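I opened my notebook to walk through this structure one site at a time. Here is what I looked up, in the order I went.

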Amino acid sequence: MIATLALPGSPALRRWLPALAWTLALGGMAAVLILHIESVQAARGIRGGFGFLFQPAGFRISESLLPVTPEDPYWMSIAAGLVNTLTVALVAIPVATLLGIGLGLLRLSSQPLAARTAAAIIAPLRNTPVLLQLFVWYGLLLRLPDARQAWQPFPSVLLSNRGLALPALHGWLPYALAAVGALLAGWLAHRQWGREVGSRSSRLAQGATWLLPLALALAAWTLLPPVQVDLPVRRGLGLQGGWQPSIEFAALAIGLIVFHAAYIADIVRASVRAVPVGLVEAGQAMALTPASVLRRVIAPYAARVALPPYANQCLALVKNSTLAIAIGYQELMAVINTAITQTGLALEGIALAVAVYLGLALALGGALSAWNARHARHGPGDSHGARLGDRPGLPLLGGDARRAPPWRRWLGSAVVAVLLAAAAWAVLDWAVLRAVWHGAPAECAAAAGACWAAVTDNVPLLLFGAMAPEDRPQALVACAALLAGVAVALG
């Protein structure tokens, strides 16, 4: 009786009770809704339900880390689609994070040319639809050389119009599980040791608890079978070996990485500019070097500020992976759409998709929210005063250009100018000099540059759609009047 009465006072229980209550309430409402829909369908003679999940799917998934055949049930095909979605997310989120951090710091650079270049890269990526970017990357990747002349940017990494070939590791999963178990055991032992001995324990005694994960890692290294590395090689008319994701996977991953890296760059820039100046000045007063101030003061505070919008970008990336159906990559939503087409059970398929994506969002958002709640408790608590964004220039990010030697400023500007000139010349050569403006599709296929023939031949269709030719002058006058009104309003 005493234990029962003490439960509501438990901090952990009080923290989880609201979430548990909301989960039970929403689950009950969903169950009532599903039962009502099933009764309505039964009254109209419609056979529904999720029994189709155990029937043979009858279609093949061309690419998946989970091998599936047409004879396997629908639930295995849907699981393979979920694995494809998770694979794209696991590849795209870390790379987009690193690229976004690099662009954000470049945007904060005290070198004006570098900062404006980063701004010029970020703006069009943020303001064009992600579906359009997927089409662009898909079209560019299809123009790569064939497998016999695959481009090799790094050793054992081959890129062709059939996709990307990477080295593959066979037998790594037991080692990954053993590593996670060893780290978890070491963390639990470390916490338990500190709780038992309290303040009388020394740092050496607490550090000795980490010998347990080391022993477990050595045992796993001795008992588990060795990991095999499979390298891709050119053989015959194609490539063999390694992990060979398709060109659709590469286009989807690159499109999501580039699109969300632009948003992450602005998040990084805003979070750094939100750091209080007083904290930076306090670090400088303690005789910390600029690198130490950046690592110990700016980075921790900026990470806490950036985490909520960064979590939103991670969730948006997972949800934007559903656009893969436009370029032919079979992720979760594409597989569910195929199942709906074959079975006619649209309600069950959509409900399954909603449940899976809601579960992914809750898992990812809950993990990032827990991390944020844990680290926000130990924040500096400074919500007043000037911020780094209120000061002209950020000397801690790349040095103060005004105080740097002249040769250093000139060298930095010259390097950026040379890189911009090389990129501009490559774009000009592809888009103008070697482009095809008129002609048949065969001429476009043989061209080394862009093909604008389809654009020039369909300019009226792109501008006016299916509008009759006699109505087009009025449309032009209306558009001109609208643009003039917008210009007057902005002026």
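**Histidine 260.** I began with histidine 260, which I found in helix α9. This is a predicted model, so I read every value below as a computed one. Buried or exposed, I asked of histidine 260? Its relative accessibility is 1%, and the limit for buried is under 20%, so histidine 260 counts as buried. Its side chain has a polar partner: I noted a contact of 3.1 Å with the side chain of asparagine 320. Leaving out neighbours within four places in sequence, I listed Gln313, Ala316, Leu317 and Asn320 as the residues that histidine 260 is in contact with.

**The salt bridge.** How many salt bridges does the count come to? The answer is one. In it, the side chain of arginine 126 meets that of aspartate 266, with 2.2 Å from N to O. Aspartate 266 belongs to α9 and arginine 126 to helix α4 (residues 112-126), so the pair ties together parts that are 140 residues apart in sequence. Aspartate 266 is partly exposed at 22% relative accessible area, and arginine 126 is partly exposed at 31%.

**Serine 246.** Next I went to the loop between β7 (238-240) and α9, where serine 246 lies. With a relative accessible area of 15%, serine 246 is buried. I found a polar contact of 3.2 Å between its side chain and the side chain of glutamate 248. Setting aside neighbours within four places in sequence, serine 246 is in contact with Glu63, Arg162, Gly163 and Tyr329.

**The sheet.** Gly163 sent me to the strands. In what order do the three strands of the open sheet run? I read β1-β2-β3, with antiparallel pairing. The edges are β1 (151-154) and β3 (163-165); each has a single partner strand, so one side of each is left without a neighbour in the sheet. On average, neighbouring strands are turned by 25° against each other, direction ignored. I then looked at one pairing in detail: β2 (residues 157-160) and β3 are joined over three bridges in the antiparallel sense. Leucine 159 stands opposite leucine 164 in β3.

**The nonpolar cores.** Which members of the largest nonpolar core touch the most other members? Of its 41 residues, they are Leu252, Val275, Val280 and Ile298. Two or more residues come from each of α3 (74-107), α5 (130-142), α9 (247-273), α10 (277-285) and α11 (290-320). Another core, of 19 residues, lies apart from this one, and I wrote down Phe59, Ile78, Ala339 and Tyr357 among its members. Back at leucine 252, I listed what it touches beyond four places in sequence: Val88, Leu134, Ser321, Ala324, Ile327 and Tyr329. Tyr329 was already in my notes as a contact of serine 246.

**Alanine 351.** My last stop was helix α13 (residues 346-376), which contains alanine 351. Its relative accessibility is 34%, so I marked alanine 351 as partly exposed. I also looked up its separation from alanine 30, which is 321 residues away along the chain.

Notes. Residues are numbered from 1 along each chain as its sequence is written. This is a predicted model: local features need pLDDT of at least 70, side-chain atom pairs count only at pLDDT 80 or more; totals for chains, interfaces and linings use all residues. Side-chain values use heavy atoms; hydrogens and water are left out. Two strands pair if DSSP finds at least two bridges between them. Helices (H or I, at least four residues) and strands (E, at least two) are DSSP runs, numbered from the N terminus. Axes are lines fitted to C-alpha atoms, for helices over the stretch in contact, and angles run from 0 to 180 degrees between N-to-C directions. Buried means under 20% relative accessible area, exposed over 50%, partly exposed in between (1.4 Å probe, protein chains only). A nonpolar core is a set of buried Ala, Val, Leu, Ile, Met, Phe, Trp, Tyr and Cys residues joined through side-chain atoms within 4.5 Å. Contact means heavy atoms within 4.5 Å. A polar contact is a pair of N or O atoms within 3.5 Å; within protein, one must be able to donate a hydrogen and the other to accept it, and residues adjacent in sequence count only if both atoms are side-chain atoms. A salt bridge is a side-chain nitrogen of Lys or Arg within 4 Å of a carboxyl oxygen of Asp or Glu.
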